[in-house]
Structure formats: C-alpha cells, structure tokens
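Subject: Handing over the structure

Hi,

Here is the structure I promised to pass on to you. Have a look at it first, and then read on for what turned up in it.

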Amino acid sequence: SLVQRLASESPSAQPRFSLLRTIAAYAGEKLSKAERVELEDTIATWLLKHCTQLARAVSGHAGSERFLRLVDELPNLLAAAETMLRRRPRSPRDTETALMAAMSASPVLLARGPIGVLLNVLDDALRAAAELADIDPHLHAEALVCRAESLGALGRPGEGRRDAEEALLIATRQGDDPMRGAALLALAGAAAGQGRIEEGIDSCEQALAVHRFTGDDRLAGLTLDRLGRLAARAQIMDRALELHERALAVLRRAGDQRALSWALDHTGVTCLEAERLDEARTHFELALQLMQQLGAKRGEGVVRGHLAQLLIEQGELESARSEIRLALDALRGVGDRDREGRVVALDAARLILSGRPEKSVDLARKALQRAHESGEPTVVVRTHLLLAVALAACDRTREAEQAIDDASGWSGGTNRRLAVEVAMAQAHVDAAFGREVANSGHRAAAAQHLEE
C-alpha cells in the first residue's frame with residue numbers, strides 16, 4: 001500500500017490517510033517548482049476551509065468533538081504556515097494563508113501548548129504582514145488579538161497590550177465592531193495583567209457595550225467574567241460574584257465549553273477570596289472536570305493550582321502537595337512560566353506550614369523570579385511577602401526585612417488589600433524576632449487600612 005492510516009483523537013472523525021514518507025518524498029522530487037506551488041496552494045485552500053470551520057465550531061455546542069478534530073490537523077496547520085512564510089517572493093495571499101493557519105491552530109496550542117510555538121508562528125506571520133500594505137485588516141487585527149492572548153498566557157502583558165492597542169486602532173478605523181469588542185477585551189486582559197485595574201474595568205465596560213450591540217453572547221460572557229475578576233481585585237466582592245453568575249449563565253447559553261471552564265475557575269477564585277470555600281471548591285471541581293474533558297492541559301494546571309491554594313487554606317497539606325505536583329507537570333508541559341511560578345509559590349507556602357521553611361526559601365526565590373518576569377504588581381508583592389515569611393521562619397532577619405521593603409516598594413500604586421498584607425507580613429516578621437512593640441504597631445496599621 002502507498003498510504004497509511006493516521007491516528008485520531010476524535011472518535012467520530014472520518015478516517016484520515018497520508019502517503020508513506022518515502023512515496024511522498026519521491027513524488028515531491030518529480031514536481032517542478034510551479035507544480036509544487038500549485039499543489040501547496042490547493043492543499044492549503046482545502047485545509048483552511050476545513051480548519052477555519054472547526055476552529056469556529058470549537059466555541060459552539062459541539063465544541064469538544066470539533067476541538068479533537070482540530071488537534072488532528074495541528075501538524076498540517078503548522079506545516080502550511082511554515083510553507084507559506086518560507087516562500088520568496090511572498091505574496092499577500094501567502095501571508096494571509098499563514099495568518100489563517102496560525103489562527104486555526106490557536107485553540108489547540110493555547111489549551112495544550114506549547115504556547116511558544118503559536119507565538120513564534122504569529123511573530124513570523126505578523127512580521128510579514130507589516131511589510132505589506134494590502135493585508136485583510138480584520139485578519140490582521142484578529143491575529144494581533146490572538147498574540148496578545150498568547151503573550152498574556154506567558155506572563156508578558158505589557159507586550160500583549162501593544163498588540164491589543166494596535167488591533168483596536170485597526171478595528172476602529174475599519175468600523176469593524178465585532179473586532180473592536182474583541183480588541184477591547186484583550187486590552188482589559190493586558191491591563192489586568194499589569195495591575196491596572198481601573199483601566200481594565202473601563203475597557204471591559206466598553207467591550208460589553210459593543211457585544212450587546214453586535215449580539216455576540218460568547219464574547220459578552222467572556223467580558224462579564226473578566227469584569228468579575230477585576231471587580232474582585234478592586235475589592236467589590238458582591239458585585240464580582242454577581243458578574244460571575246451572569247457570565248456563567250450567558251456562556252452556558254452560548255454553549256462554549258472552553259470559555260465556561262475558565263469562567264468556572266475564575267468564579268472559584270473570587271469565591272476563595274470572599275472566603276466562601278465550599279462554593280470555591282464546587283466551582284474548581286466543575287472547571288477541572290471540563291478542562292480534562294477538553295484535554296486543556298494549561299487550564300487543568302491552572303485549576304489544580306487554585307485547588308491547591310484552597311486545600312492549603314483548609315489545612316489539607318498532603319492533598320495540596322498532590323495537586324501542586326499535577327499542576328506543575330501540566331504547566332511546564334505547555335510552557336506557562338507565569339502560572340508555574342505562582343504554583344511554585346504555593347509549594348513554598350505549603351512547606352512553611354509543614355515546618356520546613358529552609359526548603360521554602362529556595363522555592364520562594366524561584367517563584368519571585370517568575371513573578372518579576374511577568375511584572376504583575378499583585379503577584380510580585382505577594383511573592384516578596386512569602387519570601388519574607390520564609391526567611392523570618394529561618395531566623396534570617398536582615399534578608400526578611402529587605403524582602404518586606406521590596407514588597408512595600410511594589411505595593412505603593414496597587415490597592416488597600418496589599419497594604420494590609422504588607423503590614424501583616426511585617427507584624428509576622430516582628431513577632432518572629434520578639435519585637436512586640438513594632439509588632440503591635442504594624443498590626444494597628446493593618447487594622448487602619450482595613451477600616452479605610
């Protein structure tokens with residue numbers, strides 16, 4: 001036989017076949033350059049028609065099955081993008097084909113990784129697009145939004161912000177309302193990643209107005225969910241929980257299981273912060289179940305990290321240890337260094353509570369390095385405070401004081417809650433060294449912040 005049957009992750013997919021490698025190589029040698037280009041174009045046209053439909057359907061009611069079929073086509077999509085970008089001279093159509101291939105591959109790579117592969121393809125395709133004047137503006141903006149999301153997932157919100165702003169400019173200039181709403185949502189995500197909460201809320205509210213106008217339930221649900229997390233970070237907890245419930249209702253109606261799984265996780269985080277621990281656990285367990293059904297490794301890692309945080313707060317340190325190991329395996333597999341760092345910080349906290357602070361210091365320093373890479377102020381402050389507590393538990397006075405000072409330097413422009421955490425960490429360090437007067441003063445400062 002000259003062909004081989006290909007494996008498929010989708011139980012309902014049609015059988016797929018390919019030429020044996022030796023046969024394909026032999027046939028390729030017999031083609032002229034013009035014949036090769038014509039064949040590549042024919043294959044790419046069919047592939048993108050098929051995969052663009054699958055990528056859109058991933059967000060619908062049959063999304064799980066479509067996602068698995070898209071997984072099957074991932075190697076072909078990456079090969080198509082590489083082939084088009086390698087061409088010299090390269091036409092606008094070649095560049096658009098590469099962009100479309102990257103966009104079709106994005107649901108899989110964002111969910112399963114490696115995210116860096118998606119980012120590399122988008123970088124090359126967008127660099128090629130910047131050299132041309134007649135690229136489809138909607139496709140250009142869509143790719144910029146996708147890269148902003150990818151950068152955010154890798155803990156690089158500042159770079160993502162630039163892409164979101166450029167996409168918003170293109171969409172506004174073209175009068176493209178759906179894309180303008182998507183760009184505003186991406187801009188809100190980048191602002192949140194940089195700790196710019198008020199800007200994020202403003203972008204979400206603008207996006208929500210656009211989605212209501214265009215009637216896009218899915219993007220409206222995503223925006224409500226993001227607005228819920230921003231409200232929680234602004235300490236408006238009742239409002240945050242209300243927004244999350246609205247988001248869950250809208251996304252269930254829209255049928256997007258991927259978006260719903262993330263919204264369940266985000267709702268769980270807000271419940272955890274509001275000390276509604278039973279509700280948080282329920283939402284995390286539902287989110288994890290969906291992530292596993294979808295094969296979303298990055299999402300599974302994130303949710304397991306949040307479950308570990310909940311278990312630590314409930315004193316279930318051995319169960320937390322198991323979740324941390326599984327979370328790190330998943331996050332390292334997809335290359336999400338930002339989230340990996342946050343889970344490492346949880347492991348350091350677990351070790352402190354387990355009476356092993358010496359080992360926790362090294363983990364806290366590793367987590368701090370990851371936090372500084374992303375630059376999100378809230379994460380940086382809390383990781384400095386974690387390091388201070390670990391050092392204090394090891395009787396390393398000066399280093400602990402320096403970690404507190406570093407946290408204070410980052411917390412100035414963030415929020416009142418962080419001011420409370422800094423003051424309480426200082427009180428903890430004071431207590432560790434028997435400084436009762438200073439300890440009382442810092443506890444009083446924390447109480448004052450809470451009353452304001």
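On the surface, Leu31, Leu39 and Ile43 make up a nonpolar patch, and together they have about 240 Å² of accessible area. Patches are built from residues with over 30% relative accessible area and no salt bridge, where like charges are joined within 9 Å and nonpolar side chains (Val, Leu, Ile, Met, Phe, Trp, Tyr) within 5 Å. The areas come from the Shrake-Rupley method with a 1.4 Å probe, and for residues only the protein chains shown count as cover. Leu31 sits in the loop between helix 1 (21–30) and helix 2 (33–57); helices (H or I, at least four residues) are DSSP runs, numbered from the N terminus. With a relative accessible area of 31%, Leu31 is partly exposed, given that buried means under 20%, exposed over 50% and partly exposed in between (1.4 Å probe, protein chains only).

Before you go further, please note that this is a predicted model, in which local features need pLDDT of at least 70 and side-chain atom pairs count only at pLDDT 80 or more, while totals for chains, interfaces and linings use all residues. Residues are numbered from 1 along each chain as its sequence is written, and side-chain values use heavy atoms, with hydrogens and water left out.

Now to the salt bridges. A search of the whole structure finds 33 of them, a salt bridge being a side-chain nitrogen of Lys or Arg within 4 Å of a carboxyl oxygen of Asp or Glu. One of them pairs Arg87 with Asp41, with the closest N and O atoms 2.9 Å apart. Arg87 is in the loop between helix 3 (63–86) and helix 4 (92–112) while Asp41 is in helix 2, so this pair ties together parts that are 46 residues apart in sequence. Arg87 is buried, at 12% relative accessibility.

Another salt bridge joins the side chains of Arg229 and Glu273 (3.1 Å, N to O). Arg229 belongs to helix 10 and Glu273 to helix 12 (residues 257–273), so here the parts tied together are 44 residues apart in sequence. Arg229 is buried at a relative accessible area of 16%, whereas Glu273 is partly exposed at 24%. Elsewhere, salt bridges that share partners link Glu40, Asp41, Arg87 and Asp94 into one network.

Arg127 and Asp124 also meet in a salt bridge (2.9 Å, N to O). Both lie in helix 5 (residues 115–130), 3 residues apart, which is about one turn of the helix.

What about the backbone? Most residues other than glycine have a negative phi, and most peptide bonds are trans. The peptide bond from Arg88 to Pro89, however, is cis, with omega near -5 degrees, and Pro89 is in the loop between helix 3 and helix 4. Gly113 and Pro114 are likewise joined by a cis peptide bond, with omega about -5 degrees; Pro114 is found in the loop between helix 4 and helix 5.

Glu275 is not a glycine, yet its phi is positive, at about 65 degrees. Glu275 is in the loop between helix 12 and helix 13 (277–294) and is exposed, at 68% relative accessibility. Asp395, not a glycine either, has a positive phi of about 60 degrees. Asp395 lies in the loop between helix 18 (377–393) and helix 19 (397–411) and is exposed, with a relative accessible area of 59%.

Enjoy exploring, and write back any time.

Best wishes

Technical notes:
Helices (H or I, at least four residues) and strands (E, at least two) are DSSP runs, numbered from the N terminus.
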